Amino acid sequence: MLGAGGHAAIAWEIGLLTGMADIGADLRDADVIVGTSAGSLVGVQITSDLTLEELFQRQVDPDLQTKESPPPVDFTRWRADVMRATEGPGGDTTVVLKRFGALALQTPADAQEARRHMIAARLPSHTWPERGLLIVAVDVESGERRVFDRSSGVDLVDAVTASGAVPGIWPAVALGGRRYMDGGVYSIDNADLARGCDDVLIFTLPARVPPLCVASLDAAVDMLRRGGARVDVVHPDEASQVAFASVGGNLLDPSVREAAARAGREQGRRVATAAAGGMKALRT
């Protein structure tokens with residue numbers, strides 16, 4: 001399970017995966033990979049033909065990075081808009097998600113094509129992998145969560161663009177006569193989609209307080225464990241949090257990539273080493 005969190009989460013998750021592989025724990029052979037927002041980009045990257053080391057270098061080497069700038073957003077106003085959506089009248093999940101949808105539709109649709117081109121440039125493959133990859137988005141009008149896979153008839157780049165269409169920042173994505181926004185407004189990691197799996201590993205940033213999504217990780221983990229699954233959750237450690245803070249905590253700032261990837265790789269090595277020694281360090 002690969003969670004949301006902008007450039008910071010992408011780099012951190014790739015660093016984690018690379019660091020764990022350094023110690024012999026290559027997680028790319030998972031039966032199912034679920035990607036939400038930033039995690040959808042990571043999911044596509046790790047199911048491509050590139051090695052983890054090549055993916056890591058794309059995060060830390062400026063010559064290999066896509067050339068991007070932070071989105072021109074007034075984050076003070078954006079946070080206020082998001083809080084109105086989450087705390088408005090009526091606490092029903094669908095009602096809250098529809099309010100997020102209304103916020104998503106305020107972003108001009110004419111920016112969608114430029115955003116799609118940027119997402120395409122980040123992806124080493126534009127073809128759905130044979131392995132199980134699920135990409136999560138939310139319908140802006142109905143509030144319904146939508147899970148895309150290779151059988152959905154949706155272009156991979158479009159699915160990833162939709163999954164990362166943060167309401168109020170990036171435009172909603174039109175697919176099949178519907179419009180979709182970031183899957184992270186439902187859940188940062190959508191861990192409940194691992195129902196039926198025996199072993200579940202979740203890479204996710206901690207939810208904000210109050211949360212900016214409608215479904216909690218704790219509830220999903222409880223459900224999975226009651227179903228008999230072993231569930232391990234990895235959050236950014238202190239060094240990774242420091243890396244995020246180096247850009248003022250703006251997870252969408254591309255300049256965070258190198259620091260977040262390197263911190264993630266070190267954390268991944270420690271997690272894999274501890275797990276190999278029989279410790280439960282994955283549950284940190």
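This is a predicted model: local features need pLDDT of at least 70, side-chain atom pairs count only at pLDDT 80 or more; totals for chains, interfaces and linings use all residues.

User: OK. At what angle do the axes of α2 and α7 cross?
Analyst: At roughly 150°. Helix α2 covers residues 38-46 and helix α7 covers residues 156-163. Their axes come within 7 Å.

User: So how are α2 and α7 oriented to each other?
Analyst: The crossing angle is roughly 150°, therefore α2 and α7 are roughly antiparallel.

User: Left-handed or right-handed crossing?
Analyst: α2 passes α7 in a left-handed crossing.

User: Which residues make the contact?
Analyst: From α2, Ser40, Leu41 and Val44. From α7, Leu156, Val160 and Ser163.

User: Switching to rings. How many aromatic pairs?
Analyst: The count comes to 3. One of them is Phe148 with Tyr180. Their ring centres are 5.4 Å apart and the planes sit at 80°, so that pair is edge-to-face.

User: Where do Phe148 and Tyr180 lie?
Analyst: Phe148 is in strand β3, residues 145-148, and Tyr180 is in strand β5, residues 178-182. The pair therefore ties together parts that are 32 residues apart in sequence.

User: Are those two buried or exposed?
Analyst: Phe148 and Tyr180 are both buried.

User: Last topic, charges over rings. What sits over Trp170?
Analyst: The charged end of Arg115, 3.8 Å from the ring centre.

User: And which residue lies over Phe56?
Analyst: Arg265 lies over the face of Phe56, at 4.5 Å from the ring centre.

How values were computed:
Residues are numbered from 1 along each chain as its sequence is written. Side-chain values use heavy atoms; hydrogens and water are left out. Rings of Phe, Tyr and Trp (its six-membered ring) pair if their centres lie within 6.5 Å; planes under 30 degrees apart count as stacked, over 60 as edge-to-face and the rest as tilted. Helices (H or I, at least four residues) and strands (E, at least two) are DSSP runs, numbered from the N terminus. Buried means under 20% relative accessible area, exposed over 50%, partly exposed in between (1.4 Å probe, protein chains only). A charge sits over a ring if NZ of Lys or CZ of Arg is within 6 Å of the ring centre and within 35 degrees of the ring normal. Axes are lines fitted to C-alpha atoms, for helices over the stretch in contact, and angles run from 0 to 180 degrees between N-to-C directions. Angles under 35 degrees count as roughly parallel, over 145 as roughly antiparallel, 65 to 115 as roughly perpendicular and the rest as oblique. A crossing is left-handed if the near helix is turned anticlockwise from the far one by less than a right angle, and right-handed if clockwise. Contact means heavy atoms within 4.5 Å.
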